[in-house]
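Me: I am new to this structure and would like a close look at one part of it. Please keep the answer plain and connected.

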Amino acid sequence: MIKEIESHRSIRQYQSRPVEESVLKAILEAAVRASTVGNMQLYSIVVTRREEMKQALAPLHFNQPAALTAPVLLTFCADVERFSKWCRLRGAEPCYDNFCWFVNAAIDTLLASQNAALEAEAHGLGICYLGTTLYNAGEIADVLKLPTGVIPITTLSVGYPDETPPLTDRLPLEGVVHDECYHDYSDEEIEKIWAEREASEETAKLLQENGLPNLARIFTERRYPASDNKFFSEKFFEEVKKRGFFNR
């Protein structure tokens, strides 16, 4: 296994040391080498380093430390606009303003972001994916002056780590890998898949801090409650439509 994959951890506290231009260029070059549908590269990457721009974006990421302390923020955006403009310049009429091509562009975008993450870690940098990008995609788009046909999908905070958190656990392979066809899980198998995580010291600490009886309740009542899920889902869906991805 590539050591950057094996040792990956999310870094949320960064040193003030800037990321060298040559390193940042290597990260961006790695990003654009990612697999892409039809070699269309349906994404754009907005690099944020200026303090005033980071301050404008930070509240939209709920002022989390990863957004506040990172010297670089990379906002990865699904982008069908650039390709569509090229088509029109060549007398070809594009039809990429629809849900299928939103998904294609989102996949392209995430593949590019993971290449960037691995390259950053190979240079000794730390990264953290900011899921808040989806929560406030419209506001982030306004700050970054994104046109119709372009929408933020994810953000990477990038910088030299100022912490060394422990590796986070993952479900065992049998919990996510299916042989030939999908194997639906029995209650007993579900219990087995989550047993190690539920028995961990980290889970015990979380249960004590939240005053809840199990880890599932932390997810559904604290981290991602139904009210938030519905609100942000509707908000993002409306922004996707506003950005012109459901015209046909």
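How do the residues of the lining of the second largest pocket divide into nonpolar, polar and charged?

Reply: The model is predicted. In the lining of the second largest pocket, seven residues are nonpolar, three are polar and four are charged. The lining is made up of 14 residues. Those that lie nearest the centre of this pocket are Met1, Ile5, Glu6, His8 and Arg170. The volume of the second largest pocket is about 400 Å³.

Several elements contribute to this lining. Helix 1 (3–6), helix 6 (99–122) and strand 3 each supply at least two of its residues. Helix 6 gives the most, with four residues.

The largest pocket gives some context. Its space comes to about 1,200 Å³, and 29 residues line it. Ser10, Arg12, Thr168, Arg223 and Tyr224 lie nearest the centre of the largest pocket. Strand 3 (126–130), helix 7 (132–135), helix 10 (201–210) and helix 11 each supply at least two residues of the lining there. Strand 3 provides the largest share of that lining, four residues. By class, the lining of the largest pocket has 13 nonpolar, eight polar and eight charged residues.

Charged side chains also form pairs in this model. Side chains of opposite charge can pair when their charged atoms come close. The structure holds 12 salt bridges.

One of them joins the side chains of Arg197 and Asp169, at 3.3 Å from N to O. Arg197 lies in helix 9 (residues 187–198), while Asp169 is in the loop between strand 4 (150–159) and helix 9, so this pair ties together parts that are 28 residues apart in sequence. Asp169 is partly exposed, as its relative accessible area is 32%.

Helix 11, which spans residues 215–223, contains another pair. There the side chains of Glu221 and Arg217 meet in a salt bridge at 2.1 Å, N to O. Glu221 and Arg217 are four residues apart in helix 11, so about one helical turn separates them. Glu221 counts as partly exposed at 33% relative accessibility, and Arg217 is partly exposed with a relative accessible area of 33%. Salt bridges with shared partners also join Asp142, Glu239 and Arg243 into one network.

In helix 3 (residues 51–57), Lys54 and Glu51 lie three residues apart, about one turn of the helix. Their side chains meet in a salt bridge at 3.5 Å, N to O. Lys54 counts as buried because its relative accessibility is 9%, under the 20% cut-off. Glu51, with a relative accessible area of 41%, is partly exposed.

Technical notes
Residues numbered from 1 in each chain as written. Predicted model: local features only at pLDDT ≥ 70, side-chain atom pairs only at ≥ 80, totals over all residues. Heavy atoms only, no water. Salt bridge = Lys/Arg side-chain N within 4 Å of Asp/Glu carboxyl O. Buried < 20%, exposed > 50% of the residue type's maximum accessible area, 1.4 Å probe, protein only. 1 Å grid on protein atoms, 1.4 Å probe; cavity = no way out; pocket = protein on both sides within 12 Å on 5 of 7 lines; lining within 4 Å. Points joined across faces, edges and corners; volume = space filled by probe spheres on them. Nonpolar A, V, L, I, M, F, W, Y, C, P; charged D, E, K, R; others polar.
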